[in-house]
Amino acid sequence: MDVVRQILLVLHIIGIGSLLGGFLTQMKGMKTGDVRVVPAMTHGALTMLVTGIALVGVLQADDVEVDNTKISVKLAVLIAILLMVWANRAKDRVGTQVFGAIGLLTVANIAIAVMWT
Ligand code: HEM
């Protein structure tokens, strides 16, 4: 099971790269309001959800203790990100406040993942 967990973790991190990377490519336009949700962000957010839930399943199947509070917070933050990304994915322009919130919440979830012990 450990190799499955490792593969899922690699995919989980690729998901972060896609979500945050997509955000960073658009960040320059925040000054002028010319920003949009690119497909990399939608795909990255969905990848985070699928791999995150699968990781919890694999860890629990291996009887590894999972911090349910931390996972719940990460899940809630990701759902907020997903709702914003999904609702705006077909628009030519996204409000800079909504767009900034997507980036901020993504970074917050990275900090929660790494710093919450
Ligand atoms: C934007 C959303 C997310 C980000 C940025 C993120 C980030 C990370 C990072 C950086 C790690 C590696 C560090 C660590 O092991 O703690 C990690 C691991 C993990 N994440 Fe996420 N995550 C997100 C969403 C989720 C969600 C929604 C779930 C579950 C529903 C989840 C479940 C997990 C689990 C179980 C691990 C630990 C894997 C292990 O110990 O082998 N993540 N996440």
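Predicted model: local features only at pLDDT ≥ 70, side-chain atom pairs only at ≥ 80, totals over all residues.
Reader: How do you know that the span of α1 agrees with 1.5 Å a residue?

Author: The expected span is 1.5 Å times one less than the number of residues. For the 25 residues of α1 that gives 36 Å, and the end C-alpha atoms are 36 Å apart, so the two values agree.

Reader: Why is valine 3 called exposed?

Author: Its relative accessibility is 52%, and exposed means over 50%, so valine 3 counts as exposed. Valine 3 lies in helix α1, which covers residues 2-26.

Reader: What makes the nonpolar surface patch?

Author: Met1, Val3, Val4, Ile7, Val10, Leu11 and Ile14 make the patch, which has an area of about 620 Å². Nonpolar side chains are joined into a patch within 5 Å, provided that their residues have over 30% relative accessible area and no salt bridge. Valine 3, at 52%, is over that 30% cut-off.

Reader: Why is the contact of arginine 5 with aspartate 2 called a salt bridge?

Author: The N to O distance between their side chains is 3.1 Å, and the cut-off is 4 Å, so the pair qualifies. Arginine 5 and aspartate 2 are three residues apart in helix α1, and therefore about one helical turn separates them.

Reader: What makes arginine 5 and aspartate 2 partly exposed?

Author: Partly exposed is the class between buried, under 20%, and exposed, over 50%. Arginine 5 has 25% relative accessibility and aspartate 2 has 41%, so both belong to that class.

Reader: How many salt bridges does a search of the whole structure find?

Author: The search finds two. Arginine 93 also forms a salt bridge, with aspartate 34, and their closest N and O atoms are 4.0 Å apart. This pair links distant parts of the chain, 59 residues apart: arginine 93 is in the loop between α3 and α4, and aspartate 34 is in the loop between α1 and α2. At 44% relative accessibility, aspartate 34 counts as partly exposed.

Reader: Why is aspartate 63 called exposed?

Author: Its relative accessible area is 72%, over the 50% cut-off, so aspartate 63 is exposed. Aspartate 63 lies in the loop between α2 (39-61) and α3 (68-88). Its phi is near 60°, a positive value in a residue other than glycine.

Notes. Residues numbered from 1 in each chain as written. Heavy atoms only, no water. Patch = residues over 30% accessible without salt bridge, like charges linked within 9 Å, V, L, I, M, F, W, Y side chains within 5 Å. Areas by Shrake-Rupley, 256 points an atom, 1.4 Å probe, with all protein chains shown as cover. Helix = DSSP H or I, 4+ residues; strand = E, 2+ residues; numbered from the N terminus. Buried < 20%, exposed > 50% of the residue type's maximum accessible area, 1.4 Å probe, protein only.
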